[in-house]
Amino acid sequence: MANRRLVALLAAAGAIVAFGVYGLACAPGAAVVGRPEAGPSEAQEEEPESAATVARTPSPSPSPTPTLGAREVAAAYFAAWQVGDLAAMAGMVTDAPGDFVERHRRFDADLRVRSLLITPGALRENGPDSAEMPFEGVREVDGLGRWPFSSVLRLGRRTGAWKVVWAPETMHPSLAGGGGLKIVETPVRRPATLTMEGTPFPRDSRAGDYVTGLDGMAVDLALEEEPSGKVLLQSPAPTPATRRTTISQPVQAAAARALDGLARRAAIVAVDVGSREVRAVADTLGGKGAFNGLYPPGSTFKTVTAAALLRTGLTADSPVACPATYTLPNGRTFTNADATDHGTVSLAAAFALSCNTTFAQQAYERLQGDLLRAEAAGRFGFRVKPGLSSCRIAPAPDADALGADAIGQNSVQASPLCMAEVAAAVASGVWRPASMGEPGGEAAPEVPLDEGMVAGLRAMMRAVVTEGTAARVGLPPGTAGKTGTAEVAGQQSHGWFIGYRGTLAFAVFVQNGGAEPPRPRPSRPSSSRPSNPSRRRSPRLS
């Protein structure tokens, strides 16, 4: 029952943003209108989508071998660094300090680093066993923006293999010789930002992390060197008191009220389908998690996977298998939530039922060769990019990883705003990053989507609401969406609902609001038939 109640809450919150708010806004007399770790959500008992599970043990990243030259090792190190694969990085470092991984995590957390982009320079050889590669980096720092820096990656040959010779200044030159970096917060008085209608923000708007001066105060940020005190980066200049945002007062009020009384941390984001301006952001996640928090999106990512499949020649009506379980050749087993074998169904029905087995199998058969990552990065923003949202996906090293990525697990991570952008792309036929400056600002470049693919995705998202996992929630006519739950190792799952109706697209996210993590199964008696080691079952995802 708890699962059913939370899914109803998720869909109801989506309905409030997508329907009730605009009903209020258009009524007579009404005004015109995230690298953190992930955490879980709640799903309804009948929701097949929260079904399959993939083992959370990551595929081991290959360490550099004697066949790799210094240039190749440097490239592999930079690639792992940009996607946050700290274990792979440590494997390439000679005599890595014991706190290598923790030091990198602490650096990003303490300095509020959202993303990293590296541009390598030319390799310099200092002898047969020594080389170095200068590089330029740009970090995106929450609240401060782009932070460029220059550094050098040093390499050496050890027992015939090239390795990274790491030092703290590899991360940033200010760390050389025991130096440090810190964020300094200074409270200042700041005029309150207004809504797009020119009115104050609603009381308890849950948007205080995103706009200044709601309580008459704001915080100026500065990134400083230690011990010199040199300021490397500073908050933008204060905005004038008359500045308006893209936030709509009634939409924001409804989003904030939808989170009232919810014990779990959560976020709701709504964007205008046409302009891609943010109309509401209600966030109890902290740290601007609605925009730049990174969480596994679970089955909501099947929207992107479905887009990639449609581009391979499938249609919404194409017959596909939706068995209760599916095992990749010599790989992992994926399981539907209710363990039901739905037989052969259309791709639209598999999407509406959220068949994990279907999407794992179709990804294996049709999306190898980096096709899924290319679709996500090239057409739906899952890459390092300017803008407000954060999302990412890494190249899949094997079929197991690809199957897990296809259902929104493994390397796939996204913020609620990123998933609202995905819903808006389906609604409008183009992907474009969301904005939250002055209303009517210059639109960001857009990525047109194939008309046939968009038509198929719209049909699939309507089917979720009319006959799939959200059919019993009672959403208003014209709503299209996708439910989702995402497993987090050892914790309760995350809950997601994305969709659109009319001029609004939205994402609803509840952290750690899902089913309890699966309990270990009792050991089989010694007389039981031994398991086949070539078939590895993963714990079920919810």
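**View 1. The largest nonpolar core has 98 residues.** A nonpolar core is a set of buried Ala, Val, Leu, Ile, Met, Phe, Trp, Tyr and Cys residues joined through side-chain atoms within 4.5 Å. Buried means under 20% relative accessible area with a 1.4 Å probe, counting protein chains only. Val278, Val281, Phe291, Phe380, Phe382, Leu457 and Met460 have the most contacts inside this core. Helix α12 gives the most to the core, with nine residues. Helices (H or I, at least four residues) and strands (E, at least two) are DSSP runs, numbered from the N terminus. This is a predicted model: local features need pLDDT of at least 70, side-chain atom pairs count only at pLDDT 80 or more, and totals for chains, interfaces and linings use all residues. Residues are numbered from 1 along each chain as its sequence is written, and side-chain values use heavy atoms, leaving out hydrogens and water.

**View 2. Phenylalanine 380 and its contacts.** Contact means heavy atoms within 4.5 Å. Neighbours within four places in sequence are left aside. Phenylalanine 380 then touches Val304, Ala307, Glu375, Val422, Ala425, Trp431, Leu449 and Leu457. A second, separate core has 38 residues, including Tyr77, Trp81, Trp162 and Leu181.

**View 3. Five strands form an open sheet.** The order is β10-β9-β21-β20-β19, with antiparallel pairing. Two strands pair if DSSP finds at least two bridges between them. At the edges, β10 (278-283) and β19 (480-486) each pair on one side only. Neighbouring strands are turned by 10 degrees against each other on average, direction ignored. Axes are lines fitted to C-alpha atoms, for helices over the stretch in contact, and angles run from 0 to 180 degrees between N-to-C directions.

**View 4. Strands β20 and β21, with two helices packed on the sheet.** β20 (residues 494-501) and β21 (residues 504-510) pair in the antiparallel sense over seven bridges. Arginine 501 stands opposite leucine 504 in β21. Helix α12 (residues 416-428) touches β9 (266-272), β10, β20 and β21. Its direction makes about 145 degrees with that of β21. Helix α13 (residues 451-466) touches β19 and β20, and its direction makes about 70 degrees with that of β19.

**View 5. Helix α9 meets helix α11.** The axes of α9 (residues 356-366) and α11 (residues 399-406) come within 8 Å and cross at roughly 130 degrees. Phe359, Ala360, Ala363 and Tyr364 in α9 meet Ala399, Leu402, Gly403 and Ala406 in α11. Eight of the 11 residues of α9 are buried, so α9 is largely enclosed by the rest of the structure. Among the elements covering them are α7 (302-311), α8 (347-353) and α11.

Definitions and conventions:
Buried < 20%, exposed > 50% of the residue type's maximum accessible area, 1.4 Å probe, protein only.
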